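Please read them with the structure open beside you.

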Amino acid sequence: NNTQSADYFSLDATSESYGINLQSIYNRHWESTIYYNSSSYEYLQWGFDDSQKQVLKNFQIKLINHPYKYFNKLIYGFHYLNRSGTYYSTQYNINFGLISELFDHINLHVFFDYRIKYLDSKNKSNKDSFFRAKIEYNI
């Protein structure tokens with residue numbers, strides 16, 4: 001019997017994850033990406049009261065516009081993340097970005113992300129905003 005062997009350790013963690021990513025191109029000016037992921041993790045320490053179980057649900061949608069002038073891409077996005085189980089949190093993100101060719105071989109990338117996070121069903125953490133800009137030179 002393997003369970004009584006000296007080198008056998010009982011399984012104390014399980015996890016599973018499922019995801020789908022769907023990219024659609026509507027015409028030469030519009031495209032979208034929809035992403036969904038669900039994952040779970042369970043940890044149990046045999047003989048102790050320490051156990052954790054987490055379920056994560058992640059949803060993202062992104063719309064990309066390729067306008068006629070000035071910008072190569074305008075990017076609009078929404079992201080939702082929910083974590084439940086031993087710990088709880090919910091997060092919402094709204095983001096915007098653009099990519100533009102300023103001059104020959106010089107590109108500008110600008111991204112802004114606004115984030116709201118609830119640490120439990122009643123308490124909201126501080127709001128976060130992220131701004132990132134990058135100038136890129138292509139040889």
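1. Ring pairs link Tyr80, Tyr92 and Tyr118 into a cluster, where rings of Phe, Tyr and Trp (its six-membered ring) are paired if their centres lie within 6.5 Å, and the planes count as stacked under 30 degrees apart, edge-to-face over 60 and tilted for the rest. Please keep in mind that this is a predicted model, in which local features need pLDDT of at least 70 and side-chain atom pairs count only at pLDDT 80 or more, while totals for chains, interfaces and linings use all residues. Residues are numbered from 1 along each chain as its sequence is written, and side-chain values use heavy atoms, with hydrogens and water left out.

2. The structure holds 3 aromatic pairs. In one of them, the ring centres of tyrosine 76 and phenylalanine 96 lie 5.6 Å apart with their planes at 50°, so this pair is tilted. It links distant parts of the chain, since tyrosine 76 belongs to strand β4 (residues 73-85) and phenylalanine 96 to strand β5, 20 residues apart; strands here are DSSP runs (E, at least two residues), numbered from the N terminus. Tyrosine 76 is partly exposed, with a relative accessible area of 34%, and phenylalanine 96 is also partly exposed, at 36% (buried means under 20%, exposed over 50% and partly exposed in between, with a 1.4 Å probe and protein chains only).

3. The rings of tyrosine 80 and tyrosine 92 have centres 5.4 Å apart and planes at 45°, so this pair is tilted. Tyrosine 80 lies in strand β4 and tyrosine 92 in strand β5, 12 residues apart. Tyrosine 80 is partly exposed at 26% relative accessibility, as is tyrosine 92 at 34%.

4. Which residues form the nonpolar patch on the surface? They are Tyr26, Trp30, Leu63, Tyr76, Phe96, Phe112 and Phe131, which together have about 720 Å² of accessible area. Patches are made of residues with over 30% relative accessible area and no salt bridge, nonpolar side chains (Val, Leu, Ile, Met, Phe, Trp, Tyr) being joined within 5 Å and like charges within 9 Å; a salt bridge is a side-chain nitrogen of Lys or Arg within 4 Å of a carboxyl oxygen of Asp or Glu.

5. Strand β2 (residues 30-44) runs antiparallel to strand β3 (residues 51-65), and 15 bridges join them. Glutamate 31 has isoleucine 64 in β3 as its bridge partner.

Key:
Areas by Shrake-Rupley, 256 points an atom, 1.4 Å probe, with all protein chains shown as cover. Pairing = 2+ DSSP bridges. Helix = DSSP H or I, 4+ residues; strand = E, 2+ residues; numbered from the N terminus.
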